[in-house]
Amino acid sequence: MKPKIVVAYNKVSPKVLSFLSESYHVINFDKLDAQTLPNFYQELGDAHGLLTAGLKIDSALLNRAPQLKIVSNISVGYDNLNLLELNKRNVMATNTPGVLNDTVADTVMGLILAVARRIPELDQHVKTGNWKVEDGVNLYGNNVHHKVLGIIGMGGIGTAVAKRAHFGFDMPILYHNRSRHTEAEQMVNAVYCSLEELCQQSDFMCLLTPLTPQTVKLIGEKEFKQMKSTAIFINASRGATVDEQALIRALENKEILGAGLDVFEQEPVSPGNKLLSMDNVVALPHIGSATHETRLEMAMLAAENLVSGLQGKMPPNLINREALKNLF
């Protein structure tokens, strides 16, 4: 009998399932809820591979999957994976970097433009019949071109955003990162600086870091107070990288001009969240990489990672090399 793979991903492409089914017995769960979870746990019992996105992989789940060899995460971020528990069991974990950089960068630039030019707000102004000849200055927004863009986290996505901003909008680029990014410095004249300097000098501040213990609430009251009152804050990383209450206070007190958010501390976001009632906030449902083309490419890469690991090869996007000590 073919080795078993369990897929737990909403509406995975038939192309991906067909690819996996060539060599493996595939059990697919389009959704996990009270009705499907018992069967999901049962199928994990003899599964060798798990393909998923965002599912919390912890000791409780891994205890139900004693034969598991690899977890393939359809995401760049992997804060849903308990790597210590995976390493204990010599279970490989992979992610899907690179393929979504351009798509997320497009979303970030969309948020920058939407907040600065008040596009969602003015869209509703027109559609609700409130547009008047005398509106004038009441409809003005702010320029994006030639403004200073500060990027926190100059990885693949940050670099893609910097290229769009530099070549498309003539924006000077500042960045703060764990280490210098000489390629970005040469390509877009990006200037490395401290977090404090970036906050003080940026007209647009984009947070693009992964979620780690070091980046939890990386941006909070101190950072917002350092920013210009005309600055716009963009978060396309994870909701927990920002102190959300501090952001709300900064917006209410007009310490910053506005915010564009693709992520929130609680997702889906609570309808009572104050951010949702602010005209100067553009809110998206965590869809930075959500295009048909990119999500298919991510899922295919995740499937290829999984197959590679099950074939006894080192997956090209392995996260936890520590799990290999007893495998290769």
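S289 is buried in this predicted model, with a relative accessible area of 8%, where buried denotes under 20% relative accessible area, exposed over 50% and partly exposed the range in between, computed with a 1.4 Å probe on protein chains only. Residues are numbered from 1 along each chain as its sequence is written. Because the model is predicted, local features need pLDDT of at least 70 and side-chain atom pairs count only at pLDDT 80 or more, whereas totals for chains, interfaces and linings use all residues; side-chain values use heavy atoms, with hydrogens and water left out. The residue S289 is found in the loop between β12 (281-283) and α12 (292-310), with helices (H or I, at least four residues) and strands (E, at least two) taken as DSSP runs numbered from the N terminus. When residues up to four places away in sequence are not counted, S289 touches L100, T103, V104, T294, R295 and M298, contact meaning heavy atoms within 4.5 Å.

The largest nonpolar core has 55 residues, of which L20, L149 and I173 touch the most other members; such a core is a set of buried Ala, Val, Leu, Ile, Met, Phe, Trp, Tyr and Cys residues joined through side-chain atoms within 4.5 Å. Helix α5 (residues 101-116) gives the most to this core, contributing 9 residues. With its neighbours within four places in sequence left aside, L20 is in contact with I5, V7, V26, L51, A303, L306 and V307. Another core, of 27 residues, lies apart from the largest one and has F224, V242, A246 and V281 among its members.

Strand pairing, which requires that DSSP finds at least two bridges between two strands, was examined next. Strand β1 (residues 4-8) and β3 pair in the parallel sense over 4 bridges, and V6 has L50 of β3 as its bridge partner. Strand β3 (residues 49-52) in turn pairs with β4, again in the parallel sense and over 4 bridges; here G49 stands opposite I70, while the bridge partner of L50 is V71. Strands β4 and β5 (residues 92-94) run parallel and are joined by 3 bridges, with I70 standing opposite M92. In a regular strand the side chains alternate between the two faces of the sheet. From β3, G49 and L51 point one way and L50 and T52 the other way, and all are buried. From strand β4 (residues 70-73), I70 and S72 point one way and V71 and N73 the other way, all of them likewise buried.

An open sheet is formed by 7 strands in the order β8-β7-β6-β9-β10-β11-β12, with parallel pairing. Strands β8 and β12 are its edge strands, each pairing on one side only. Within this order, strand β10 (residues 232-235) and strand β11 (residues 258-261) run parallel and are joined by 4 bridges, and I232 stands opposite G258 in β11.

The structure holds 4 aromatic pairs, defined for rings of Phe, Tyr and Trp (its six-membered ring) whose centres lie within 6.5 Å, with planes under 30 degrees apart counted as stacked, over 60 as edge-to-face and the rest as tilted. The ring centres of F29 and F40 are 5.5 Å apart and their planes stand at 85 degrees, so this pair is edge-to-face. Because F29 lies in strand β2 (residues 25-29) and F40 in helix α2 (residues 37-44), the pair ties together parts that are 11 residues apart in sequence. Both partners count as buried, F29 at 7% relative accessibility and F40 at 1%. The pair of Y175 and Y192 is also edge-to-face, at 5.3 Å centre to centre and 65 degrees between the planes. As Y175 lies in strand β7 (residues 173-176) and Y192 in strand β8 (residues 191-192), this pair ties together parts that are 17 residues apart in sequence. Y175 counts as buried at 0% relative accessibility, whereas Y192 is partly exposed, with a relative accessible area of 31%.
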